[in-house]
Amino acid sequence: MASDRRDQAVRAAVEQGLLTETEPVTALLDVAGIRASAAALRAVFQEITDAPVLHAFAVKATPLVPVLRLLHEEGIGAEVASPGELALARAAGVPPGRTVFDSPAKTHAELHAALTLGIAVNADNPQELARIDALVQAMPPGNVRSPIGLRVNAQIGAGAIGALSTATATSKFGLALRDEGARDRVVRACLDRPWLTRLHTHSGSQGLPLGLLTQGVRAVYELAEEINAAAGRQQIDTLDIGGGLPVNFASDEETPTFADYARLLSREVPGLFDGRYGLVTEFGRSLLAKHGTLLARVEYTKSAGSRPIAVTHAGAQVATRTVYNPASWPLRIVAYDAKGRPRTGQDIVQDIAGPACFAGDLLAEARGLPRLEQGDVVAVLDTGAYYFTNHYAYNSLARPAVHGFRTGPDGVAFATVRDAQTVDEIVAESGGAHSEALL
Ligand SMILES: *Cc1c(COP(=O)(O)O)cnc(C)c1O
């Protein structure tokens, strides 16, 4: 069970000295958990359709080369949205044919590079399409290997978290399908470009109910049917249904599952799986979140206004969304003692604070936990996506190390996924080489 593996890993991390004076915060990734999620995703789609399916992991969720490499080995490709993410995918050995390039702000040079490599590209807007027109025309006929798609915004509305809802009436992503005349323009744009063979949608991330995700997929499916009817052939041959499966941050239960989502899709959009359309998915959080645990040492305990406070080394730098928007992003915290054994005892209400110098730097406010002591370890759960992997450099706090772990009969084995950032690196990345530039 994931929670047993986690307890073992925390104990071993403490015993093997992964938390130190210079590295009082560190991160763990459960290799078995990641493999299991990847295998579950593939199995669900294999069962439901005979069509080719590319699962492209949204790199922004966990931009770590060893993770991308592990997923590649598990048959999962990469969805990238910047030159940096593309470079990570390539460093992990993900081939161009298993890579998808999205992004609302692709430069001319990025588009050129993607088309030259043969990476799938989803155009975001008519201006980008015009750039691709020029690039395609400049390439020798028959040399465009990249599948090219168009991202549409079905404008189905927002989920619980506005900032992560990409299918509102005024979202910045894709072609707004319900705007006056837009649908006809999209159909025309496809008919004019025989090489435009894909449609893409991604309605949003955490906070979007499955029903809304499904409506977004149905909208692109219906649009593809309309385009193909108008073209008199199967011009749109692949549908990229995006990611966005929400994650349960409240318990160890993994819900909703990929199977729940696939079942709903096959009921509401049966044509999606009948084999006429190849599929691309772009799941991020749902593949990695549950498999990451952040560990931080409790440096001090104190109390203010009669509220006990544990000051730890994990705050805004590794849990940015939670610190700035705690109502939308509550995280579970588990208390361990200085030896890495689960702390038992009666819960008392306390604040779990981070190291950053602003008052809101709290991982949890008024949370019931066994009383934390100096030297204890707190584990912040479900942080494998968009947390320690998406560092925020406030107070020049160092990016923590990331360790993968495997449990076996001989105990827990750790492998370095990423080294901690050093103080020298912080200086170098902060203009250290240009110290006199402003004199
Ligand atoms: C962020 C993003 C994803 C992944 O979203 P998750 O909620 O992590 O599954 C997929 N596709 C696009 C285009 C994205 O921007």
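## Exercises on salt bridges and helix packing

Asp 337 and Arg 341 form a salt bridge in which the closest N and O atoms are 2.9 Å apart; a salt bridge is a side-chain nitrogen of Lys or Arg within 4 Å of a carboxyl oxygen of Asp or Glu. The model is predicted, so local features need pLDDT of at least 70 and side-chain atom pairs count only at pLDDT 80 or more, while totals for chains, interfaces and linings use all residues. Residues are numbered from 1 along each chain as its sequence is written, and side-chain values use heavy atoms, with hydrogens and water left out.

**Exercise 1.** Determine whether Asp 337 is buried or exposed, and classify Arg 341 likewise.

*Solution.*
- Buried means under 20% relative accessible area, exposed over 50%, and partly exposed in between (1.4 Å probe, protein chains only).
- Asp 337 has a relative accessible area of 12% and is therefore buried.
- Arg 341, with a relative accessible area of 37%, is partly exposed.

**Exercise 2.** Identify the elements that are tied together by the salt bridge of Arg 5 with Asp 30.

*Solution.*
- The closest N and O atoms of Arg 5 and Asp 30 are 2.8 Å apart.
- Arg 5 lies in helix H1 (residues 2-15) and Asp 30 in strand S1 (residues 25-30), so the pair ties together parts 25 residues apart in sequence.
- Helices (H or I, at least four residues) and strands (E, at least two) are DSSP runs, numbered from the N terminus.
- Asp 30 is buried, its relative accessible area being 6%.

**Exercise 3.** Describe the salt bridge between Glu 73 and Arg 35.

*Solution.*
- The closest N and O atoms of this pair are 3.3 Å apart.
- Glu 73 belongs to helix H3 (residues 65-73) and Arg 35 to helix H2 (residues 31-48), so parts 38 residues apart in sequence are tied together.
- Glu 73 is exposed, with a relative accessible area of 52%, whereas Arg 35 is partly exposed at 28%.

**Exercise 4.** State how many salt bridges the structure holds, and name the residues linked in a network of salt bridges.

*Solution.*
- The structure holds 23 salt bridges.
- Arg 6, Asp 252, Lys 290, Arg 332 and Asp 382 are linked in a network.

**Exercise 5.** Describe how helices H8 and H9 pack.

*Solution.*
- H8 (residues 210-231) and H9 (residues 258-268) pack at an angle of about 45°, with axes 10 Å apart.
- Axes are lines fitted to C-alpha atoms, for helices over the stretch in contact (heavy atoms within 4.5 Å), and angles run from 0 to 180 degrees between N-to-C directions.
- H8 and H9 are therefore oblique to each other; angles under 35 degrees count as roughly parallel, over 145 as roughly antiparallel, 65 to 115 as roughly perpendicular and the rest as oblique.
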